[in-house]
Protein chains: 2
Amino acid sequence: MIHTTSRVLVSDLREHVGQTVSVSGWVNTLRLQRKMQFVVVRDHTGMVQVTHKRGGESDEIEAALEGLTSESAVRITGRVVDNPIVNLGGLELVPEKVEVLNRAETPLPIDEHTGLEQRLDWRFLDVRKRSSAQLLFAVQTTLEQGMREYAYAQGCTEMHTPKLMGTASESGAEVFKLGYFDRSAYLAQSPQFYKQMAIAAGIDRVFEIGPVFRAEPSFTSRHATEFTGVDVELAWINRVEDVMVFEEQMLTHATRKVADAHSEAIRETFGVEVTVPATPFPRITMAEAQEILRANGWDSEGAKEDLDPEGERAIAARIKEQTGHEWVFITHYPTSIRPFYHMRPADNPGVTLSFDLLWKGLEVTTGAQREHRHEVLLKQAAEKGMSAEPLQDYLNAFRYGCPPHGGLGMGLGRVLMVLLGLESIREATFLFRGPNRLTP
Amino acid sequence: MIHTTSRVLVSDLREHVGQTVSVSGWVNTLRLQRKMQFVVVRDHTGMVQVTHKRGGESDEIEAALEGLTSESAVRITGRVVDNPIVNLGGLELVPEKVEVLNRAETPLPIDEHTGLEQRLDWRFLDVRKRSSAQLLFAVQTTLEQGMREYAYAQGCTEMHTPKLMGTASESGAEVFKLGYFDRSAYLAQSPQFYKQMAIAAGIDRVFEIGPVFRAEPSFTSRHATEFTGVDVELAWINRVEDVMVFEEQMLTHATRKVADAHSEAIRETFGVEVTVPATPFPRITMAEAQEILRANGWDSEGAKEDLDPEGERAIAARIKEQTGHEWVFITHYPTSIRPFYHMRPADNPGVTLSFDLLWKGLEVTTGAQREHRHEVLLKQAAEKGMSAEPLQDYLNAFRYGCPPHGGLGMGLGRVLMVLLGLESIREATFLFRGPNRLTP
């Protein structure tokens, strides 16, 4: 009887030529010929050909291979043979034992022609079968690792702020409401209020990666009702510029880490070149951006306060042309389109000390210096027509010595989308959630 | 006019003796005497005494110091003077400029005699004023960093699974329900189903730290309605033992990292010695544990299937006595008290291939090998009286080649509680959420 050996990864097989090893993975392709049986087995590190000659001493193996189906989970124990004519690394596995750990039903519910929505219905198969999706999550892991490395080195504390809130503070409209024992609770649209509370709690620099929830009925390629947010909040800043410097350094560090680990794979799989950006990133005020865009025909009625996606793409293209840079900070957003807690410069209350960061024309971050003076905050909330009562817990944090601070919120999926040139946030997420999608 | 200089941390002041620097922090204590004004300013690295002689050339400074209140956020620019008779590091700051960045109202709503619930109402002040709370979040950061280091080194991919679910799959009772456009959604009680889906998606090893939600009306010192879960899921395991080995290695690595960075501070602040545990941790089956406990009078009616908290403490004490070890895996929980997706040994369907991990008698982890065979899973769900229909998306993941796998879910707050000897999970969380607490 052949015993199973401990698992060897496909990428390590070369070290085991002449030995009997066990490979665990999925049936990638089957070619069952009259005299020979060829099975390509795939694990997360690569593919190997299993080669079996029919009519040998072991009918059991022949029968087992004959019964295989595409995507079945198998463990093949066999001898590793050096065979230069085999395409997959010049190696093949001559099977001595075939175990079917989980047989896949046939036919598979999706194939390479299946459209996006149906692929999402069977996302586990979609991700398993496409090397680009596998690479995506490896890149996500490296990207986060890079951001954390930078944040930790800068003295950040990793916080986990609650997603359950007692009031729908930030704005009632886009918040999910849930039953909470005998009353209601709300899902946090962002860690905004709580990360500021952490600043008031004496945490010098706050870092959090976690889910955020938006009850927006948006069906664009860049919106989701639940997504992963990267949040930073920095105490004792002197100006909003301090936040932008932190962000560009963090992104440069993280992008370099991704480039070091995956640039070749990303080029091959996505056809995208990972460029480590130069710092500082270009900065342009909203007023300047609009002036340039209007001179080129954007918003001919002069009615838009914000940049629409078209405007974002156009200004990013312009900056790229002028500076060669893919990133740009748009600063000084009008007060009218920013939340009440953004600080305003003393000499110009019509704008805020805020920014968005665009990458290749897509907004990936919103940030600002926050208003930390209680009385000014009250005034700004009132001006926006907000009632102080549901904001009470938040506002209290500014009554007992809250330091000046500012921060940013970044959409992880959007960064991945641009990094890998994906067309939709649906592809940049493991299990996408939108107004029409709560499954699988 | 005195210009503000860039911020110097209190812990770095010694390097600046004789220079004029700016220190930013909170007013820790005020002693305003007839001839002298003493203000102790605290930042996240330490405390420094600001010493001002009244009646000097600068009345402005005297007035500014006179108007200070405890916990106000200030920036003091002044000369660093070496003065051996000063208690705080033998240094004092002679102020040249005093800026009140956010004046604290008086009196403060909490002081050192305030009870837990009211402290939680003002959690930002509670955390800010107590060095133990500051240390807690530093330890949390290091602990997570250590767990991630180990997980990454073992080839884990960091996943972010959705917290919004279309059905209340795992068990209807303890799930929060929310309005989701024109229908309902549910908050994930754990990433259980989705991390298994990631395994079916070909992710070899899954790691996630994120919020989990439990609609349990529990008021104990160790339950919360929202807490931070550490989740791991490993594909292609041979047995549940593989998961236990992963966990003990991960915890050993992370505890060592905490000990290296914080053991002295933890000893001083919490009076607790951080011990890096030896591996393997002791293992005992549930049947053995119950036999030992019953021989000592526990559960005299012989009615209990599970260990109650008293039983957990007693068995942990026994193991500690016998082996000196603070940790113990209880294995082979009865099928009746484990979920349908736990695998059962072929020769004994009355138990599961599962475990809990206790630390100093507190359950900090539940883990298991999962049943990956579709037909067995269907059978086990039916036996538990569960309807297959709401489980459909989950069950589909086992129809097309799901590999054998197992994993664990750990409560981060519980680990911190034991690590630092805290009496309640409320103290181990930044903003606690319980049936009666949704604020601040």
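## Helix α1 and the sheet in chain B

The buried residues of α1(B) pack against β1 (20-32), β2 (36-43), β3 (46-53) and β5 (91-102) of chain B. Contact here means heavy atoms within 4.5 Å. Helices (H or I, at least four residues) and strands (E, at least two) are DSSP runs, numbered from the N terminus. This is a predicted model, in which local features need pLDDT of at least 70 and side-chain atom pairs count only at pLDDT 80 or more, while totals for chains, interfaces and linings use all residues. Residues are numbered from 1 along each chain as its sequence is written, chains are lettered from A and ligands numbered from 1 in the order in which they are written, and side-chain values use heavy atoms, leaving out hydrogens and water.

Helix α1 of chain B spans residues 59-66, and its buried residues are B:Ile61, B:Glu62 and B:Leu65. They cover an arc of only 100 degrees around the axis, which puts them on the same side of α1(B). The arc is that of the directions from the helix axis to the C-beta atoms. On the other side of α1(B), the exposed residues are B:Asp59, B:Glu60 and B:Ala63. Buried means under 20% relative accessible area, exposed over 50%, and partly exposed in between, with a 1.4 Å probe and protein chains only.

## The barrel in chain A

Chain A holds a closed barrel of five strands, in the order β1-β2-β3-β5-β4, with mixed pairing. Neighbouring strands of this sheet are turned by 50 degrees against each other on average, direction ignored. Helix α1 (residues 59-66) of chain A packs on the sheet and touches β1, β2, β3 and β5 of chain A. The direction of α1 makes about 70 degrees with that of β5(A). Axes are lines fitted to C-alpha atoms, for helices over the stretch in contact, and angles run from 0 to 180 degrees between N-to-C directions.

Strands pair if DSSP finds at least two bridges between them. Eight bridges join β2(A) to β3(A), and these strands run antiparallel. A hairpin of two residues links β2(A) to β3(A). A:Gln37 stands opposite A:His52 in β3(A). Strands β3 (residues 46-53) and β5 (residues 91-102) of chain A run parallel and are joined by two bridges. Here A:Gln49 stands opposite A:Glu92, and A:Val50 stands opposite A:Leu93.

## Helix α5 in chain A

Helix α5 (residues 192-200) of chain A has nine of its nine residues buried, so it is largely enclosed by the rest of the structure. Among them are A:Phe193, A:Tyr194, A:Lys195 and A:Met197. A:Gly202 follows α5(A), with a positive phi near 90 degrees.

## Helix α9 in chain B

Helix α9 of chain B covers residues 374-383. Its buried residues are B:His374, B:Val376, B:Leu377, B:Gln380 and B:Ala381. They cover an arc of only 160 degrees around the axis, which puts them on the same side of α9(B). The face turned away from that buried side carries exposed B:Glu375, B:Lys379 and B:Ala382.

The cover over the buried residues of α9(B) includes β5 of chain A together with α10 (392-396) of chain B. B:Gly385 follows α9(B), and its phi is positive, near 75 degrees.

## How the two chains are related

A rotation of 180 degrees, with 0.0 Å of shift along its axis, superposes chain B on chain A (RMSD 0.0 Å). The two copies are thus related as by a two-fold rotation axis. In chain B, the C-alpha nearest the axis belongs to B:Leu178, 2.0 Å from it. Copies are superposed by least squares on the C-alpha atoms of residues with pLDDT of at least 70 in both.

Of the interface residues of chain B, 100% are also interface residues in chain A, so the copies meet through the same surface.
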